[in-house]
Amino acid sequence: MIKKENILESARNVLSQQGINKLSLRKIAAETGCAAPSIYYYFRNKQEIVAGLWEAIAPDLLRQLNNPANNDEAYSDFWLQRPDDFKLFITQAEYYPYVSQTAAYQTLRSMLGDRLYELNGRLMDRIYTSE
């Protein structure tokens with residue numbers, strides 16, 4: 001039986017090779033080596049897959065924020081090491097509503113409060129202008 005982790009790994013591969021606009025359940029299924037309907041056992045749509053990818057990396061981000069004295073710097077450092085993930089999870093308007101509804105995002109929001117938006121704006125400038 002196909003595992004949730006395999007689907008998420010395949011989704012990440014498709015995203016890194018073809019971008020978010022070309023992400024589809026069919027392509028993920030082909031990468032995973034299963035039939036597309038098998039993915040529906042774990043995910044209803046590609047938006048849930050993106051939320052699942054977020055939930056897979058969010059614990060690392062939250063752990064990083066729990067240790068340092070300066071959460072703002074730790075948050076920025078995390079995303080600067082993972083600019084592709086930042087673009088996927090934070091700046092994609094199409095998928096942001098699904099990420100922002102997860103428990104991990106709500107925890108992040110409670111830790112950083114309104115500073116989160118300012119930090120994301122600064123990160124967008126740094127990440128997108130360095131390309």
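## Overall build

What radius of gyration would a compact globule with 131 residues have, and what does the protein chain have? A globule of that kind would come out near 14 Å, and the protein chain has 15 Å, which agrees. Keep in mind that this is a predicted model. Along its principal axes, the C-alpha trace spans about 45 × 30 × 20 Å.

As for secondary structure, the protein chain has nine helices and zero strands. If you take the contacts between residues at least 6 apart in sequence, 61% of them join residues at least 24 apart.

## Surface and charge

How much of the protein chain counts as buried? The figure is 42% of the 131 residues. The accessible surface of the protein chain comes to about 7400 Å², and carbon and sulfur atoms account for 47% of that.

On the charge side, there are 15 positive and 16 negative side chains. The centres of those two sets sit 6 Å apart.

## The nonpolar core

In soluble globular proteins, nonpolar side chains tend to be buried together. Here, the largest nonpolar core has 41 residues. The ones with the most contacts inside that core are Ile39, Ile49, Trp54, Tyr75, Trp79, Phe89 and Leu108. Helices that give two or more residues to the core are H1 (4-18), H2 (25-32), H4 (46-66), H5 (71-80), H6 (83-89), H8 (103-112) and H9 (115-129). Helix H4 provides the largest share, nine residues.

Phe89 is a handy place to look into this core. Setting aside residues up to four places away in sequence, Phe89 touches Arg12, Val50, Leu53, Trp54, Ile57, Trp79, Tyr96 and Val99. Two of these partners, Trp54 and Trp79, are also on the list of residues with the most contacts inside the core.

Leu88 lies in helix H6. Is Leu88 buried or exposed? Its relative accessible area is 8%, so Leu88 is buried. Leaving aside neighbours within four places in sequence, Leu88 is in contact with Leu15, Ile20, Val50 and Leu53. Val50 and Leu53 also turn up among the residues that Phe89 touches. Leu88 and Asn45 are 43 residues apart in sequence, and their C-alpha atoms are 16 Å apart.

Lys46 lies in helix H4. Which residues does Lys46 touch, not counting those up to four places away in sequence? They are Ile20, Leu23, Leu25, Glu94 and Tyr95. Ile20 is a contact of Leu88 as well. Lys46 and Glu5 are 41 residues apart along the chain, with 15 Å between their C-alpha atoms.

Ser100 is found in helix H7, which covers residues 96-100. With a relative accessible area of 13%, under the 20% cut-off, Ser100 counts as buried. Not counting residues up to four places away in sequence, Ser100 touches Tyr105 and Gln106. Ser100 and Glu55 are 45 residues apart in sequence and 11 Å apart in space, going C-alpha to C-alpha.

Thr107 has its place in helix H8. Its relative accessible area is 35%, so Thr107 is partly exposed. How far apart in space are Thr107 and Leu62, C-alpha to C-alpha? The distance is 8.0 Å, although the two residues are 45 apart in sequence.

Note on methods
Residues numbered from 1 in each chain as written. Predicted model: local features only at pLDDT ≥ 70, side-chain atom pairs only at ≥ 80, totals over all residues. Heavy atoms only, no water. Core = buried A, V, L, I, M, F, W, Y, C linked by side-chain atoms within 4.5 Å. Buried < 20%, exposed > 50% of the residue type's maximum accessible area, 1.4 Å probe, protein only. Helix = DSSP H or I, 4+ residues; strand = E, 2+ residues; numbered from the N terminus. Contact = heavy atoms within 4.5 Å. Rg over C-alpha atoms; globule rule 2.2 N^0.38 Å. Areas by Shrake-Rupley, 256 points an atom, 1.4 Å probe, with all protein chains shown as cover. Lys, Arg positive; Asp, Glu negative; His and termini not counted. Charge placed at Lys NZ, Arg CZ, Asp CG, Glu CD.
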